[in-house]
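My notes are kept in the order of the look-ups.

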Amino acid sequence: MRRPGGHTAEVDYSEAGDLAAVRAFVRTRAEAHGLAPDRADLLVLAVSELATNTLQHGTGGGRVTVWARDGQLVCEVLDQGPARDFGRAMPPADAVRGRGLAIVERVCDDVSSTTGAHGTVVRLGLTL
């Protein structure tokens, strides 16, 4: 996935105590790029789900990068976890776990994932 040149901002996270800073970073960057507050809430929710999954199921933490391009706010979450499968059904109401990635897909306009030499990147897009 091609990333832009100079107008990106990023934050690293490696422990649960970093999640509040990740959420604040995403909200600040989203609003600075003109994403409406209710849409910024959705992006914060999606990134929080992905970052929490990284910390619960992976090692080494991750990095969140945000930029705007062609009328869309783009946010990438990079970690060392396995590839993510999207296109999943929402788990049943009585399921204890398993909603995180399904929620991410439903609150973002675009979601994709790639795995390569630097880890797994989940790219989220919301129309500005």
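**Confidence**

I noted at the outset that this is a predicted model. I looked up the chain average and found a pLDDT of 89. I also noted that 95% of the residues score at least 70.

**Helix 3**

I asked which residues of helix 3 are buried. I listed Gly100, Leu101, Ala102, Val104 and Val107. I then looked up what these buried residues pack against, and found helix 2 (37-57), strand 4 (110-116) and strand 5.

**Cavity**

How many cavities of 30 Å³ or more are there? I got a count of 1. For the largest cavity I recorded a space of about 30 Å³. I wrote down its lining as Leu19, Val22, Arg23, Val44, Val47, Ser48 and Ala51. Helix 1 and helix 2 each bring at least two residues to this lining, and helix 2 gives the most, with 4 residues. Sorted by class, I have 5 nonpolar, 1 polar and 1 charged residues around the largest cavity.

I moved on to the largest pocket, for which I have about 420 Å³ of space. I found 19 residues in its lining, and those nearest its centre are Asn53, Gln56, His57, Arg97 and Leu101. The elements that contribute two or more residues to this lining are helix 2 and helix 3. Which element gives the largest share of the pocket lining? I found helix 2, with 6 residues. By class, I recorded 3 nonpolar, 9 polar and 7 charged residues in the lining of the largest pocket. One of the residues nearest the pocket centre, Leu101, is also on my list of buried residues in helix 3.

**Threonine 120**

I placed threonine 120 in strand 5, residues 119-127. Is threonine 120 buried or exposed? I count threonine 120 as buried because its relative accessibility is 0%, and the cut-off for buried is under 20%. I followed its side chain to the backbone oxygen of glycine 81, reached at 2.6 Å. Setting aside neighbours within four places in sequence, I listed the contacts of threonine 120: Val77, Leu78, Asp79, Gly81, Pro82, Ala83, Arg84, Ser113, Thr114 and Thr115.

**Serine 14**

I found serine 14 in the loop between strand 1 (9-13) and helix 1. Leaving out neighbours within four places in sequence, I have serine 14 in contact with Leu55 and Gly61. I also took the C-alpha separation of serine 14 and alanine 46, which is 18 Å for two residues 32 apart along the chain.

**Alanine 24**

From alanine 24 to tyrosine 13 I have 12 Å, C-alpha to C-alpha, with the two residues 11 apart in sequence.

Terms used: Residues are numbered from 1 along each chain as its sequence is written. This is a predicted model: local features need pLDDT of at least 70, side-chain atom pairs count only at pLDDT 80 or more; totals for chains, interfaces and linings use all residues. Side-chain values use heavy atoms; hydrogens and water are left out. Buried means under 20% relative accessible area, exposed over 50%, partly exposed in between (1.4 Å probe, protein chains only). A polar contact is a pair of N or O atoms within 3.5 Å; within protein, one must be able to donate a hydrogen and the other to accept it, and residues adjacent in sequence count only if both atoms are side-chain atoms. Contact means heavy atoms within 4.5 Å. pLDDT is the predictor's confidence in each residue, from 0 to 100. On a 1 Å grid over the protein atoms alone, a cavity is a set of points where a 1.4 Å probe fits but cannot get out, and a pocket is an open set with protein on both sides within 12 Å along at least five of seven lines; lining residues have an atom within 4 Å of a point. Grid points are joined across faces, edges and corners, and a volume is the space filled by probe spheres set on the points. Ala, Val, Leu, Ile, Met, Phe, Trp, Tyr, Cys and Pro count as nonpolar, Asp, Glu, Lys and Arg as charged, and the others, Gly among them, as polar.
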